[in-house]
Amino acid sequence: MTIVTLRELLSKAAMLFRRREMGRETEAEMRFHLDLEIEAGMRRGLSCEEAARVARLRVGSITSSAEAVRDQRGFAALDGFTADLRQAWTALRRRPGFLFTAGGALAAAVAANTLVFAIVYGVLLRPLPYPDPDRLVRVFEQSVTQPKFPLSIYNYQEDLKSNRTLAGLALYVREDMQLMHEERPEQLTAVAISDTFFPTLGSTPVMGRNFQPSDMLRSARVVILSHSFWSTRLNADPSIIGKTLRLDRENWTVIGVAPRGFAHVGGSYRSPLHGENVAIWRPLPLETTAQNANCQKGCHYTNAIARLAPGVSLAGAADDLNRIMDDLARRFPSFYQGKRARLEPLSAEVVGKSRTAVLMITAAGMLVLLLASINVAGLSVARVLTRRRELAIRRALGGDSWRIARAVLSETIVLGAVAGVAGLGAAAALMPALRAILPAGFPRAHEIVFRWPDAAFALAAGLAASALAGLVAVARIPRGSK
């Protein structure tokens, strides 16, 4: 690109911001030349009126000349399109019935699709809030009658000790606690976990320490608090570590505070939902005694979460745990005969059967957008037919086919922009209501929020539908108006 060309582009770009000022300067310059021609004619002996007439014939129309100069100095196509958009907005305001009918249909489609895209991203596309979430899996015992049976504590201990493919393995189960007040006890959501729970999920307390193997005793009275419980109920006490809370009529020592925003992993058996608020984590008793030895092998009441080691596939980890299961079946056939290890990706377990529902909601949103596009196209065609006289006059005044088509397209584009903004506002207002009407247990409902990327995608889809409707209307412009 040469220096001259770059200078011209910069000059044209400057015209976009000084259009009115440059227009006034150009008209003043043209009037100055017109006055000079009038004076020259009068010096030749012409009357004032005759000199003015001759000068206008030589100079031409000031308005037309100013427009020609402006087109030469600026971006003619952009200026023309901007003018068309202004005229389209003026025309739409004069037809409120068309504006509210067609715009309302398109706004409803944009709002619906914004909500749909929020659901799709929040439930299906948004990564789980853990480091390397694709390596997290749920672990089950599988039998002929129980395809996904909770892992026994003894099986967990053997897997933890003998596996070759896992970077972490943890147990957890819901065990709510009561915070004792002077007036009455308050129920708190609590989860009993193994000492490997936070490390498996790639997290660590921001204050204090994690549970240790020595804490996995029935007599242990230590807890880790959630960040929200610590900050809201305990006023973010910076000296909370080492203090005691009265829980279940006993004193429990606070040893840690979980990170802000740490999301519970969810579970299929006796567990809060994924992301549900958990106030307290307590130790899960893992000690083996003569009284509970058989229960640790035969009782299945815990959820298991594991992290695959780098480079290990799901099938490879399953083969490794089945190797351990085969050994357990030989040693304790009454407990483990006929059972296999089963691993499922955490993301699939969190979404579960709701994936089909989300995909159906997505299809419904696309259908709403399609119907809105068809309705807008029909209304736009009807409007074109009612503007036959106006379009014929434009053609008679010298307007070419492209200018006429651009005027029609401008209306649908302005309509799409106005309807899109209205639809985004409606979607933002309806987002809390959407979360409220979702079925109980709907996965990741707390992660369905209004996001500008979703809104931008829905707005782009609405504008595309509006532009498509405009093209249909252009195709139906009466031949006599071309």
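Aspartate 176 is partly exposed in this predicted model, with a relative accessible area of 26%. Its salt-bridge partner is arginine 174, and the closest N and O atoms of the two are 2.9 Å apart. Arginine 174 also counts as partly exposed, at 26% relative accessibility.

**Salt bridges**

Side chains of opposite charge can pair when their charged atoms come close. By the rule used here, the structure has 21 salt bridges.

| Pair | N to O distance | Relative accessibility |
|---|---|---|
| Aspartate 176 and arginine 174 | 2.9 Å | aspartate 176: 26%; arginine 174: 26% |
| Arginine 323 and aspartate 320 | 2.7 Å | arginine 323: 31%; aspartate 320: 7% |
| Arginine 126 and glutamate 447 | 3.6 Å | arginine 126: 31%; glutamate 447: 7% |

Let us take the second row of the table next. Arginine 323 and aspartate 320 both belong to helix H11, which covers residues 314-331. They are 3 residues apart, about one turn of the helix. Their side chains meet in a salt bridge at 2.7 Å, N to O. Arginine 323 is partly exposed, with a relative accessible area of 31%, whereas aspartate 320 counts as buried at 7%. The cut-off for buried is under 20% relative accessible area, so aspartate 320 falls in that class.

The side chains of arginine 126 and glutamate 447 meet in a salt bridge at 3.6 Å, N to O. Arginine 126 sits in the loop between H6 and strand S1 (136-142), and glutamate 447 in the loop between helix H16 (401-437) and helix H17 (452-475), so this pair ties together parts that are 321 residues apart in sequence. Arginine 126 is partly exposed, with a relative accessible area of 31%, while glutamate 447 is buried at 7% relative accessibility.

Salt bridges also link residues into a network, made up of Glu158, Lys161, Asp327, Arg330 and Arg331.

**Contacts across the sequence**

Leucine 160 counts as partly exposed, at 37% relative accessibility.

Glycine 423 is found in helix H16 and is buried, with a relative accessibility of 0%. Between glycine 423 and glycine 103 there are 9.3 Å in space, C-alpha to C-alpha, and the two are 320 residues apart in sequence.

Leucine 273 lies in the loop between S9 and S10. The C-alpha atoms of leucine 273 and phenylalanine 442 are separated by 8.9 Å, with the residues 169 apart along the chain. At 42% relative accessibility, leucine 273 is partly exposed.

**Backbone angles in two loops**

The loop that holds leucine 273 also holds arginine 270: this is the loop between strand S9 (250-257) and strand S10 (280-283). Arginine 270 has a positive phi of about 50 degrees, although it is not a glycine. Its relative accessibility is 38%, and it counts as partly exposed.

Asparagine 235 is another non-glycine residue with a positive phi, here of about 55 degrees. Its place is the loop between helix H9 (227-232) and strand S8 (244-247). With a relative accessible area of 66%, asparagine 235 is exposed.

**Helices H6 and H14**

How are H6 and H14 oriented to each other? The axes of helix H6 (residues 96-125) and H14 come within 9 Å and cross at roughly 160 degrees. Angles over 145 degrees count as roughly antiparallel, so that is the class for H6 and H14. Their crossing is left-handed.

Helix H14 spans residues 354-386 and includes leucine 370. Leucine 370 is partly exposed, with a relative accessible area of 48%. Together with Leu367, Leu371 and Ile374, Leu370 makes a nonpolar surface patch of about 380 Å².

Technical notes. Residues numbered from 1 in each chain as written. Predicted model: local features only at pLDDT ≥ 70, side-chain atom pairs only at ≥ 80, totals over all residues. Heavy atoms only, no water. Patch = residues over 30% accessible without salt bridge, like charges linked within 9 Å, V, L, I, M, F, W, Y side chains within 5 Å. Areas by Shrake-Rupley, 256 points an atom, 1.4 Å probe, with all protein chains shown as cover. Salt bridge = Lys/Arg side-chain N within 4 Å of Asp/Glu carboxyl O. Helix = DSSP H or I, 4+ residues; strand = E, 2+ residues; numbered from the N terminus. Buried < 20%, exposed > 50% of the residue type's maximum accessible area, 1.4 Å probe, protein only. Axes fitted to C-alpha atoms, helices over the stretch in contact; angles between N-to-C directions. Parallel < 35°, antiparallel > 145°, perpendicular 65-115°, else oblique. Left-handed = near helix turned anticlockwise from the far one by under 90°.
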